[in-house]
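User: Here is a model with a ligand. I would like the terms used for it set against their definitions.

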Amino acid sequence: MEKLVNLCKRRGFVFPGSDIYGGLGSTFDYGPLGIELKRNVREAWWSEVVRRRFDVLGLDSAILMHPRTWAASGHLENFTDPLVDCRSCKQRFRSSDLSTQNCPACGGQLTEPRQFNLMFKTFIGPVEDSASTVYLRPETAQGIFVNFANIVDTQRVKLPFGVAQTGKSFRNEITPGNFIFRTREFEQMEMEFFVRPDETEEQRWFDYWVEERLNWFVKFGIRRENLRLRPHDLEELSHYSRGTTDIEYRYPFGWGELEGIARRGSYDLDRHSEMSGRDLSYYDEESKSRFRPWVVEPALGLDRAMLAFMLDAFDEDIVEGEERVVLRLDPRLAPIKAGVFPLLRKSGQPEKAWQVAEMLRKSFMVSYDQAGSIGRRYRRQDEAGTPFGVTIDHQTMEDDTVTLRDRDSTTQVRVAVADLADELTRRIGWST
Ligand code: GAP
C-alpha cells in the first residue's frame with residue numbers, strides 16, 4: 001500500500017488534502033492523473049449501469065436535503081457508531097474496533113460506549129439554530145427515494161426499473177484510514193432498482209445485480225481471485241436492510257468491503273410516505289393495483305473502486321535489465337491513453353511529434369514528452385498507467401509511420417500516422 005500511496009503522490013494521482021497546512025484528517029485531493037482516472041471509473045460505471053440499459057434512469061439530487069429526510073430514513077436515530085474515550089490520553093475509538101477493555105494507545109481506562117452520529121451538521125441560511133440545522137448527506141440513495149414520485153410521474157416507467165446517481169457523500173467516520181479506503185468525504189455511485197413486492201422477484205434481481213456488479217470489476221481489470229462475496233450476518237445489517245451481500249476486495253490490509261448490494265424492501269418509500277404525507281406508491285397496470293415497490297440497491301464508493309483498480313494494476317517487473325514500476329490499468333480507465341515522444345530533439349522530430357500529439361488530443365488524453373532518454377520517458381508513462389507509447393523517429397520523417405509501444409508486453413509495431421487514431425481507438429476499446 002505504501003508503494004502505491006507514494007506513486008499516487010509522486011505522479012499526481014492523489015495528494016493529501018490541505019497539504020501545506022499539514023493535512024486535514026483523512027481528506028485527499030485528486031491531482032491531474034487522479035481526476036482522469038476518477039472520471040473514467042465513473043464513466044465505466046455510468047455506461048454500464050445507466051446508459052446501455054433501457055430500465056435504469058439517471059438523477060443528480062442536491063447534497064443538502066430537508067432535515068426530515070434523515071428522520072424518515074432512520075439516519076438520525078440509527079446512523080451511529082458506539083464510541084469510547086480514553087480517560088487518560090483522551091483518544092477516541094470505535095468500540096467495535098477494540099479487542100481489549102483498555103486504551104490500545106496508552107493502556108488507560110475507557111469510558112462506557114456512547115452512540116455517536118456520523119452525519120455532518122451545518123446550518124442553512126444566516127441563523128445558526130436548531131430550526132436551520134441541515135446535514136450533509138451520508139448516502140446518495142435518499143435523493144433517489146425523495147424523487148420517486150417525480151420520476152414515476154414524468155418518465156412513464158414500468159417495473160422493474162432503476163434510478164442511479166453519482167455524487168459526494170459525507171460521514172464523520174471515527175476511524176478513517178487506509179488511504180482513500182475510508183474517508184470522511186467521498187463519492188458514491190448508487191442505484192436503487194425498484195421491483196414488485198414479491199420475494200421471488202426480489203431474489204431474482206438481487207442475484208442478478210450481485211452477478212452484474214461482480215462482473216463489472218472483472219471486466220475493467222480486477223482479478224477474480226481478488227474478489228469475493230460475503231453475505232452480512234443478521235446483527236451487522238444496516239437499519240434499512242433485509243439482507244446485504246458485500247463484494248469484497250483483497251486489500252493489502254486484508255479482505256474488506258468494496259461494494260454492498262442490499263435488499264431495502266419498501267423501508268425507505270414507506271418511511272418517506274409516512275413522514276411527508278405524499279403518496280409514494282406505484283400503479284401497476286398489469287394487476288390494476290397500487291403498492292410501494294421493493295428495492296435492490298448496488299452501492300459503490302468511487303474512491304474505493306479507484307483504490308482497488310490501482311492496487312490490482314500495480315506491478316513491478318524487469319524490462320531490458322531495468323526494474324520498472326507499472327500500473328497495468330485497463331486502457332479504458334487509464335488517465336492518459338498515449339505518450340507521444342520524439343526520439344531525438346532535432347531533425348524536425350519534435351515538431352512532427354507535437355503535430356501527432358495535437359491530432360490525437362482531439363480524441364484522447366495524450367501527453368507529449370521530450371525530456372530524457374526514450375527509456376526513461378517510457379518508464380514515466382508505465383508508472384502512470386499509460387497503455388501506449390507513440391515514438392516519432394527518423395523513419396517517420398521518411399514514410400510517415402510511428403512506432404506504437406504496448407505498455408504491458410513492451411512490444412513495438414509500426415503504424416502509419418494516418419491510421420494511428422483508429423488503431424488506438426481499436427486497442428482502447430472505447431474512447432473517453
Ligand atoms: N446507500 C447504501 C450505502 O451507503 P454503504 O455500505 O454504507 O451503503 C456504500 O456504502 C459504499 O460506499 C461502500 O461499499 C463503500 O464502497 C463506499 N463507502 C462507504 N463509506 C465510505 C467511506 N467512509 N469512505 C469511502 N468510501 C465509503
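User: Which element gives the most to the lining of the largest pocket?

Analyst: E13 does, with seven residues. The model is predicted, so local features need pLDDT of at least 70 and side-chain atom pairs count only at pLDDT 80 or more, while totals for chains, interfaces and linings use all residues. Residues are numbered from 1 along each chain as its sequence is written, and side-chain values use heavy atoms, with hydrogens and water left out.

User: What makes the space a pocket, and how many residues line it?

Analyst: On a 1 Å grid over the protein atoms alone, a pocket is an open set of points with protein on both sides within 12 Å along at least five of seven lines; a cavity is a set where a 1.4 Å probe fits but cannot get out. Lining residues have an atom within 4 Å of a point. The largest pocket has 42 of them, and Phe-79, Arg-171, His-232, Ser-238 and Glu-257 lie nearest its centre.

User: How do you know that the ligand sits there?

Analyst: A molecule sits in a pocket if more than half of its atoms lie within 2 Å of the grid points. The ligand is assigned to the largest pocket on that test.

User: Which residues are closest to the ligand?

Analyst: Near means one heavy atom within 4 Å. By that cut-off 21 residues surround the ligand, the closest being Glu-139, Thr-183, Glu-190, Glu-257 and Leu-258. E13 again gives the most, with five residues.

User: What makes the bond between Leu-159 and Pro-160 cis?

Analyst: Omega is about -5 degrees there. Most peptide bonds are trans. Pro-160 is in the loop between helix H6 (148-155) and strand E9 (161-170).

Definitions and conventions
Helix = DSSP H or I, 4+ residues; strand = E, 2+ residues; numbered from the N terminus.
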